[in-house]
Amino acid sequence: MAKTEPGTYLPKVAKVLRNLATVHDMLQQGQQSEKLYLEELAINQELAKANPAQYESEVARSYGNLSNHALLKGDFQQAVDYANEGLSHDSSKLFIQANLALAYLCQGDMTRAREIYQRYADVLKDTFLDDLHQFGTLGIIP
């Protein structure tokens, strides 16, 4: 059905892939989740070619999810790269800013991390603290 009516079904397929990838991340099945996130990204990029106004935000979300996944793997440079790419598609995605700050912090780039933490302290304070706690508990923060 997604092939015969892509505009109707592909966005739904992308959301299902994102949800499955999230579950795999929660189960610490990283290889499977990364594959699903990349499939989701490919679909959203294809949709954005046809309708950028509607799907650029979804492309950003896909990169944000990949950034979070890279953090879970401890691949902090990849997390930075994905976050920056996501923000280039939609800079209003605050969860991507949180991912970027944590990735910089984990790389030891205190200046850039502090910049983001200070810029978004009012709206993301609880998110920042939750991330630090979650990633500290998982042993990801060096």
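## Confidence

The structure is a predicted model. The mean pLDDT of the protein is 91, and 94% of the residues reach 70 or more. Confidence is lowest in helix 1, residues 6-26, where the mean is 86. It is highest in helix 4, residues 76-89, with a mean of 98. Where pLDDT is low, the predicted coordinates should not be read in detail.

## Helix 3 and helix 4

The axes of helix 3 and helix 4 come within 8 Å and cross at roughly 165°. Angles over 145 degrees count as roughly antiparallel, so helix 3 is roughly antiparallel to helix 4. The crossing of helix 3 past helix 4 is left-handed.

On the helix 3 side, the contact is made by E56, V59, A60, Y63, L66, S67, A70 and L71. On the helix 4 side, the residues are F76, Q78, A79, Y82, A83, E85, G86 and H89. By class, the residues of this contact between helix 3 and helix 4 are 10 nonpolar, four polar and two charged.

## Helix 4 and helix 5

Helix 4 also packs against helix 5, at an angle of about 150° and with the axes 9 Å apart. That angle makes helix 4 roughly antiparallel to helix 5. Helix 4 passes helix 5 in a left-handed crossing.

Helix 4 contributes F76, Q77, A79, V80, A83, N84, G86 and L87 to the contact. Helix 5 contributes I96, Q97, L100, A103, Y104, C106 and Q107. The contact of helix 4 with helix 5 has 10 nonpolar and five polar residues, and no charged ones.

The loop between helix 4 and helix 5 contains S92. S92 counts as exposed because its relative accessibility is 52%. S92 and D109 are 17 residues apart along the chain, and their C-alpha atoms are separated by 23 Å.

## Helix 5 and helix 7

Helix 5 (residues 94-107) packs with helix 7 (residues 121-137) at an angle of about 45°, and the two axes are 10 Å apart. Helix 5 and helix 7 are therefore oblique to each other. Helix 5 passes helix 7 in a right-handed crossing.

From helix 5, the residues in this contact are L94, Q97, A98, A101, L102 and L105. They meet V123, L124, T127, F128, D131, L132 and F135 of helix 7. The contact of helix 5 with helix 7 divides into 10 nonpolar, two polar and one charged residues.

H69 is found in helix 3, which spans residues 52-73. H69 counts as buried because its relative accessibility is 2%, and the cut-off for buried is under 20%. Leaving aside neighbours within four places in sequence, H69 is in contact with D25, G30, S33, E34 and Y37.

One of these contacts, E34, lies in helix 2, residues 30-50. With neighbours within four places in sequence again left aside, E34 is in contact with L66, H69, K73 and Y82. E34 and V80 are 46 residues apart in sequence, and their C-alpha atoms are 16 Å apart in space.

Notes
Residues numbered from 1 in each chain as written. Predicted model: local features only at pLDDT ≥ 70, side-chain atom pairs only at ≥ 80, totals over all residues. Heavy atoms only, no water. pLDDT = per-residue confidence, 0-100. Helix = DSSP H or I, 4+ residues; strand = E, 2+ residues; numbered from the N terminus. Buried < 20%, exposed > 50% of the residue type's maximum accessible area, 1.4 Å probe, protein only. Contact = heavy atoms within 4.5 Å. Axes fitted to C-alpha atoms, helices over the stretch in contact; angles between N-to-C directions. Parallel < 35°, antiparallel > 145°, perpendicular 65-115°, else oblique. Left-handed = near helix turned anticlockwise from the far one by under 90°. Nonpolar A, V, L, I, M, F, W, Y, C, P; charged D, E, K, R; others polar.
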